[in-house]
Amino acid sequence: MGASLSPAVLLDAVRREKERRAASASLYEFVKQAWPVVEPGVKFIESWHIEAICEHLEAISAGEIRKLLINIPPRHSKSTIVSVMFPMWEWQVSPEEKYLCASYSGTLSIRDNLKARRLVQSPWYQERWGHLFELAGDQNAKQRFENDKTGYRLATSVGGTATGEGGSRLLLDDPHSAQEAQSDVMRESTLEWFDQVWSTRLNDPKHDAMITIMQRLHEKDVSGHILEDIGGWEHLMIPAEWDGVRRKTSLGNYDPRKTKGELICPERFGEKEVGELKQLLGVYGAAGQLQQDPQPAEGNIL
């Protein structure tokens, strides 16, 4: 007879299985567990804003939301959660999902593609879900990787040739650079691409989903275009400092802050850090990039 496993080994196996089931059932739990794999050396700080983003992404998976717009200040882990972890979390249930992911810069899109691929290939992921699918060896490049269940993650840029492809999930992460958003020509070119190219790339328009996540940069940026000209999108808006407005989506209220000026996650971005950003960005930049409420530049001139 083979040697029996020690109590310590059995307890460890039970713990790992419990963690696997928790991560499968909850995107937020998946993010917490996967964090050291994706962001080694960076401490994970629990926060309500990460829970809110995860809750709305879970609603995408459940088919409860099909178009989701998220506006949040920079450096609050939006790309790590939405562009890197969410697709790979969905793959452990639906490995056939096809992700078309774009940013204003192809370099940024490829960066997140590489992070997502490393996550899937990590021992942590393989131990838990490696039996569900395998990466296809003939399509395992930095711009595109596929699995043997027909799913793929494809990185492109605004205006890139890869947007001739389609997807069941369109992830648009920062469609404007801070400088180009101030150019009428560049900004309008991005809006034209959004309407005439990007928005036509869903494989199944009745059931597939679009997610746009960005900091606000101009009244007439992609977010402004969605909110003012298109409509029909769920809007998760998270200003750096709470402005006293109670906002909600179809999932209910999502911002628990109670005091005006209260920060999103002071353990990560405290008053000192936000104050320095406000000084660097100026009144107009801070209104958009921090508060998600861009005002006309001329409105600041007395």
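**Entry 1, S177.** I began with S177, which is buried at a relative accessible area of 8% (buried is under 20%, exposed over 50% and partly exposed in between, with a 1.4 Å probe and protein chains only). A note to myself: the model is predicted, so local features need pLDDT of at least 70 and side-chain atom pairs pLDDT 80 or more, while totals for chains, interfaces and linings use all residues. Residues are numbered from 1 along each chain as its sequence is written, and side-chain values use heavy atoms, with hydrogens and water left out.

I found S177 in the loop between β6 and α7 (184-196); helices (H or I, at least four residues) and strands (E, at least two) are DSSP runs numbered from the N terminus. Leaving out residues up to four places away in sequence, S177 touches Y104 and L217 (contact is heavy atoms within 4.5 Å).

On a 1 Å grid over the protein atoms alone, a cavity is a set of points where a 1.4 Å probe fits but cannot get out, a pocket is an open set with protein on both sides within 12 Å along at least five of seven lines, and lining residues have an atom within 4 Å of a point. Points join across faces, edges and corners, and a volume is the space filled by probe spheres set on them.

How many cavities of 30 Å³ or more does a search of the whole structure find? I noted two. The largest has a volume of about 70 Å³, and among the residues lining it are W35, F44, H76, S77 and R268.

S77 made me stop, with a phi near 70 degrees, positive in a residue other than glycine. Most residues other than glycine have a negative phi. S77 sits in the loop between β1 (67-71) and α4 (78-91) and is buried at 14%. I also looked up Q292, another residue that is not a glycine, and its phi is about 60 degrees. Q292 lies in the segment after α9 (271-290) and counts as buried at 3%.

Is I70 buried or exposed? I70 is buried, at 0% relative accessibility, and belongs to strand β1. Beyond its neighbours within four places in sequence, I70 is in contact with I53, V82, T212, I213, M214 and L236.

I read off a space of about 610 Å³ for the largest pocket. R75, K78, S79, R111 and D174 are the closest to its centre of the 31 lining residues. Helix α5 gives the largest share of the lining, five residues.

Helix α1 (residues 7-25) packs against helix α2 (residues 27-38) at about 125 degrees, with the axes 5 Å apart. Axes are lines fitted to C-alpha atoms, for helices over the stretch in contact, and angles run from 0 to 180 degrees between N-to-C directions. So α1 is oblique to α2, as under 35 degrees is roughly parallel, over 145 roughly antiparallel, 65 to 115 roughly perpendicular and the rest oblique. On the α1 side I listed E19, A22, A23 and A25, and on the α2 side L27, E29, F30 and Q33.
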